[in-house]
Amino acid sequence: MNRLQNKTALITGAAMGLGAGIAQRFAEEGARLMLTDINAVDGAATAERLNGSFVPHDVTDEAAWENAVAATLERFGQLDVLVNNAGIFSNAPIEETELSQWQQVMNVNLTGVFLGCKHGVRAMLRGNGGSIINLSSVTGLRGQRGGSAYSASKGGVRLLTKTVALENAQRSIRCNSIHPGIIRTPILDPIFAAAEDADALEQRLAASLPIGYLGDPAADIGNTAVFLASEESRYITGAELVVDGGMTIGLP
C-alpha cells in the first residue's frame, strides 16, 4: 500500500474515467496528488474524495501548464510523477473529418502531451528526476476505422514518449506510454446509450476480446500506471505497455 509513498503526482484529465482510476490507485499507494481537468466541478470532487489537490487546467494552453506545475511545486515542493492522461475522442471517416476537428484532437491529445512533457521535465530536473507516463491507445499502434485524427494523435504520443525517454535517460527521468484497449469508462456511455440493447452490446464487445471482458480504469490502467510510477520499473524507459485484454494479438 506504500509503493508511491513520498511521491508527488500530477495527473491530467483526472475528473473521471482513466484519470480518476489512476488517481484512485495512486492515492491508495500513498502518493500526494495534484489533479487537473478542464471539468472543474467533477475534477474538484474527485480530488476531494481522494484527499488530493485540484487545479482547473486546459492542457492545450501553455500558460495553464505553467500554472499547474507551479501549483504542484508550491503545494508539495516537488514533482515526481506526471501522468499525461487528458484526451478526447473523434470518430469520422477521413473524407468527413473537418480540419477544425482534426486540429482539436491534435491539440488536446498530442500538443497537450508535448506541453506536459516539456514542463514536467523542467520541474523534475529541479528535483531528483521522476517518471512521465503518457496515455496513448491501441489505436496508436494500428489504424482504426473512423479514427484518422485519434489514431494519428495517439501514434504521435507513442513516438514522442520514446524521444523524451531518450533525451532524459541519463537525467533520472523515465518516460513510458500505456496503450489501453476497451476500458469501461464514461467515454463509452454515448455508445451504450444509443444501442438498442446496451447489455448485449457490452457482451459482444467483451466476446471480441481474447480475455473475455472489458478493462477497468483502476484495476487495469491504474495498476499499470502505479508500476511505471514506482521504483519497481526503474530500468524501464521508452517502453509501450499494451493493456488491452489481448485485443491486438488477434481474434479470440
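Colleague: Which residues are buried in α5?
Modeller: In this predicted model, the buried residues of α5 are A149, Y150, S151, S153, K154, G155, V157, L160, T161, V164, A165 and N168, where buried means under 20% relative accessible area, exposed over 50% and partly exposed in between, with a 1.4 Å probe and protein chains only. Helices (H or I, at least four residues) and strands (E, at least two) are DSSP runs, numbered from the N terminus.

Colleague: And what do the buried residues of α5 pack against?
Modeller: They pack against α4 (99–125), β5 (130–135) and β6 (173–180), with contact meaning heavy atoms within 4.5 Å.

Colleague: Is L166 buried or exposed?
Modeller: L166, which is found in helix α5, is exposed, with a relative accessible area of 72%.

Colleague: How far apart are the end C-alpha atoms of α5?
Modeller: They are 30 Å apart, which agrees with the span of 30 Å that the 21 residues (148–168) should have at 1.5 Å a residue; the expected span is 1.5 Å times one less than the number of residues.

Colleague: Before I forget, what are the ground rules for numbering and confidence?
Modeller: Residues are numbered from 1 along each chain as its sequence is written, and side-chain values use heavy atoms, with hydrogens and water left out. As this is a predicted model, local features need pLDDT of at least 70 and side-chain atom pairs count only at pLDDT 80 or more, while totals for chains, interfaces and linings use all residues.

Colleague: On to the sheet: what order do the strands have?
Modeller: The open sheet of seven strands has the order β3-β2-β1-β4-β5-β6-β7, with parallel pairing, and two strands pair if DSSP finds at least two bridges between them. Because β3 (53–56) and β7 (240–243) stand at the edges with a single partner strand each, one side of each has no neighbour in the sheet.

Colleague: How many bridges join β5 to β6?
Modeller: Six bridges join these two parallel strands, and in β6 the bridge partner of I133 is N176.

Colleague: Which strands does helix α2 touch?
Modeller: Helix α2 (residues 40–49) packs on the sheet, touching β2 (32–37) and β3, and its direction makes about 165 degrees with that of β3; axes are lines fitted to C-alpha atoms, for helices over the stretch in contact, and angles run from 0 to 180 degrees between N-to-C directions.

Colleague: Last one, how many helices and strands come in the chain?
Modeller: The secondary structure comes to eight helices and seven strands, and buried residues make up 50% of the 252 residues.
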